[in-house]
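Please consult the sequence and the structure below while reading.

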Amino acid sequence: MARFVLRRVLQSAVVLVGVTLVVFLLLQLVPGDPVRVALGTRFDPQTYEALRERAGLDQPLPVQYASYLGHALTGDLGVSFRTGQPVSQIVLERLPATLSLAVTAVVFALLVAFPLGTVAAVRSGSAVDHAARVFSQFGVSVPDFWMGIMGILLFAGVLGWLPPSGYVALTDDPGRWATHVALPAVTVGLVTASILTRFIRSSVLEVLSADYVRTAEAKGLRNRVVIMRHVLRNALIPVVTVVAVQLASLLGGVIVIEVLFAWPGIGRLTFDAVQARDYPVLQGAVLLVAALFLLVNLLVDILYARLDPRITVK
């Protein structure tokens, strides 16, 4: 296991270097001068040249990339063109908001999708099964920003139960954090739940037709024991993959939802950085998202071996 983890870490390091190169090259194609945008009305030739020199933009592209990569290896991702703050500090400050939203949304999605998908599979063709499939189609088809707007109008505007936007840190006030995270988490969670419901239903249906399940039923085991002990555990492998992909995507920031609910996460940071042509912040955000994807994939591979003894990691 240790050798496997070490090899994956080394592979991830190579991938991250590739990500930095691709992002760096793509940013060169974006129109607009980031220094000119950062200066705004304070523009004058002397300040402009000084900021370009400080950011290293007066150097050839290979020199710029080598300098960025060398500093990144030490944890220095540069400074923001707009605020002058270290990029690593800005990104890490936004990470807790994204983590709290992503984890809450995935937990909500699992609480909805797991029982609904399982019951739909066990009672295939029933009213519950039809309702589950309609719910799955609805969640995938309806845009999340529309559901967010409807949630704001109903729960914040008409009922007044929840705040329409804003963020409070979990460590500052858990109660207020819960009220602020409820709407964006449910909005994102409904879309995720609709996707998971379909996969859980398909996975459970496939396992239900397996020979060892029929053998367990023939032995006279109760249906509940068969489902809990034999079906669900073997149906978890593909479900874990989908959950991991959804979680990694949410950790990358749900830009539309974070902008709609004024949620100060990675997605909102990326959106603001693109608008302001703040390339160092954009590069730092993309690098963090890539690292989170790789970390989630590594954890999922390790979890596979725990869920199914037949799977070995080498």
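## Nonpolar cores

A nonpolar core is a set of buried Ala, Val, Leu, Ile, Met, Phe, Trp, Tyr and Cys residues joined through side-chain atoms within 4.5 Å. The model discussed here is predicted. Its largest nonpolar core holds 59 residues, and Leu196, Val204 and Leu250 touch the most other members. Among the elements that give two or more residues to this core are helix 1 (2-27), helix 5 (87-122), helix 8 (174-208) and helix 10 (223-251). Helix 10 provides the largest share, 14 residues.

Leaving aside neighbours within four places in sequence, Leu196 is in contact with Ala109, Leu110, Ala113, Val242 and Val243. A second, separate core has six residues, including Ala97, Leu101, Trp177 and Ala185.

## A nonpolar surface patch

Nonpolar residues also occur on the surface: Phe138, Phe145, Trp146, Ile149, Met150, Leu153 and Val256 form a patch with about 640 Å² of accessible area together. Helix 7 gives the largest share of the patch, five residues. Val256 lies in helix 11 (residues 255-260) and is partly exposed, with a relative accessible area of 44%.

## Salt bridges

How many salt bridges are there? The count is three. Asp129, Arg133 and Arg201 are linked in a network. Asp129 is buried, at 0% relative accessible area, whereas Arg133 is partly exposed, at 37%. The closest N and O atoms of Asp129 and Arg133 are 3.4 Å apart. Asp129 also pairs with Arg201 at 2.6 Å, N to O. Because Asp129 lies in helix 6 and Arg201 in helix 8, this pair ties together parts that are 72 residues apart in sequence.

Arg268 and Asp272 form a salt bridge at 3.5 Å, N to O. Both residues lie in helix 12, about one turn apart.

Technical notes. Residues numbered from 1 in each chain as written. Predicted model: local features only at pLDDT ≥ 70, side-chain atom pairs only at ≥ 80, totals over all residues. Heavy atoms only, no water. Buried < 20%, exposed > 50% of the residue type's maximum accessible area, 1.4 Å probe, protein only. Helix = DSSP H or I, 4+ residues; strand = E, 2+ residues; numbered from the N terminus. Contact = heavy atoms within 4.5 Å. Patch = residues over 30% accessible without salt bridge, like charges linked within 9 Å, V, L, I, M, F, W, Y side chains within 5 Å. Areas by Shrake-Rupley, 256 points an atom, 1.4 Å probe, with all protein chains shown as cover. Salt bridge = Lys/Arg side-chain N within 4 Å of Asp/Glu carboxyl O.
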